[in-house]
Amino acid sequence: MTLRPLTLFVAAATLLFASAHAQSTVRIICGSVGDQTELCRQQAEMWAAETGNRVEVLPSVPGSDDRLAIYQQQLTAGSSEIDVYQIENIWPALLADFFADLNEFLPAGYTDEFFPGMIQNDTVDGRLISVPWYGDAGLLYFRTDLLEAYGFNGPPTTWVELEQMAAEIQAGERAAGNASFWGFVWQGAPYEGLTCDALEWIYSFEGGTIVAPDGTITVNNEAAAAALDMAAAWVGTISPPGVTGYREEDSRGIWQAGNAAFMRNWPYAYALGNSDDSPIRDLFDVTVLPAGPTGMNAATFGGHSLAVSRFSNNAEAAADLVRFLTSYDVQADRAKRGYNPSRPAVYEDEAVLEVVPFMGALFPVFANAVQRPTTITAEAYPRVSQAFWSASHAVLTGQSDGATALSQLERQLEQIRGRGW
Ligand code: GLC
């Protein structure tokens with residue numbers, strides 16, 4: 001009998017101890033291209049080790065539109081299977097209803113050290129839908145060794161220059177015995193990535209942003225048509241015929257094998273191209289994409305954020321994982337692997353700039369990147385983008401010319417707008 005209070009005390013203490021160290025299992029779906037899922041796994045496991053929680057990392061499918069379809073399936077079913085989602089920064093408005101307001105979980109002032117524009121993008125009706133993880137902007141990759149060998153002083157500054165340089169280097173490399181060599185690789189498959197590439201061509205021709213911020217459909221114009229016709233002429237000349245089926249990783253495959261003079265891609269390809277086993281290690285650099293006829297450059301703004309599902313049974317732990325992954329140290333580490341931080345201070349971190357100098361040099365490119373018309377078209381954006389990439393693809397594959405495709409696209413966009421944006 002005398003032991004009873006002590007037994008009770010021990011039981012209560014055990015319970016208290018257990019709840020203070022309650023383990024949550026947080027499931028995160030992350031990755032898009034390159035080594036992203038692996039990197040995400042390593043960093044999520046660091047969080048697990050630090051906090052005593054468990055983490056399960058689910059790999060994502062590579063294509064942005066396929067990924068969106070899977071996410072929508074999970075979320076509309078109210079599934080609690082996945083706690084943290086890596087989302088594109090074009091989706092917060094579209095998926096806002098399915099995600100928790102992270103303001104309720106993160107420490108006060110947590111977002112103060114992020115780019116305000118990115119936080120604004122991820123905030124819908126005052127709710128913080130996701131925390132920006134990294135930004136993206138289209139870049140021109142070029143082979144420094146080949147430019148030098150062919151007597152060029154620097155990378156092309158206009159599309160016309162790029163065409164000339166690509167053709168000359170391609171002819172030379174083929175004559176020297178590399179039959180698989182191409183001048184320029186990019187993303188021409190019918191998917192979200194083509195929307196990004198085609199927007200860069202059109203915007204650099206001063207052909208606008210498909211739909212203006214006030215909702216006006218602007219895409220049917222001569223400059224935009226000329227931009228698409230320009231790209232169509234690359235297919236089978238300076239770019240492989242198969243480019244109309246290429247996504248990011250297809251272009252990187254050709255490029256990193258040493259079989260292209262130029263590549264359009266996101267920053268992630270920088271660190272991979274310089275990895276130990278890369279044939280082009282230290283033989284390339286990056287710069288702003290070439291300008292159109294009036295001297296205008298364009299880089300499409302992309303990027304990814306982390307969101308917590310409203311249906312999560314571990315929202316608190318899930319939000320803590322988001323906090324950890326978007327922290328300064330983790331972002332600095334990711335920056336060295338080519339992922340542009342969402343915290344401006346990391347761009348001045350000397351240890352980072354030593355590994356990825358372009359991040360400092362090209363800061364204005366990232367800061368001035370052109371947005372896809374997601375804000376104005378909101379929930380209709382996936383349909384707008386699909387109509388746009390389909391029209392662009394028809395031009396690239398020679399089924400249509402720029403002017404015809406864009407006048408048809410204008411009618412399609414009017415129909416989409418008719419259903420509301
Ligand atoms: C990159 C960009 C994203 C874009 C996608 C297209 O992941 O960050 O914004 O939509 O590529 O493939």
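A polar side-chain atom of tryptophan 266 is 3.1 Å from an oxygen atom of the ligand, a polar contact being a pair of N or O atoms within 3.5 Å. Arginine 372 places a polar side-chain atom 2.7 Å from a ligand oxygen, and for an N or O atom in the side chain of aspartate 136 the distance to a ligand oxygen is 2.5 Å. The protein buries 96% of the 310 Å² that the ligand exposes when taken alone (Shrake-Rupley method, 1.4 Å probe).

The model is predicted: local features need pLDDT of at least 70 and side-chain atom pairs pLDDT 80 or more, while totals for chains, interfaces and linings use all residues. Residues are numbered from 1 along each chain as its sequence is written, and side-chain values use heavy atoms, without hydrogens and water.

## Shell

Residues around the ligand (a heavy atom within 4 Å) include Glu88, Tyr191, Glu248 and His304. By class, two are nonpolar, four polar and five charged; Gly counts as polar, Trp and Tyr as nonpolar.

Helix 8 (192-204) and strand 11 (301-308) each give two or more residues to this shell, and strand 11 gives the largest share, three residues. Helices (H or I, at least four residues) and strands (E, at least two) are DSSP runs.

## Domains

The ligand lies between domain 1 (24-129 + 302-367) and domain 2 (139-300 + 371-418), because both give residues to its shell. The domain bounds come from an automatic or database assignment.

Technical notes: A polar contact is a pair of N or O atoms within 3.5 Å; within protein, one must be able to donate a hydrogen and the other to accept it, and residues adjacent in sequence count only if both atoms are side-chain atoms.
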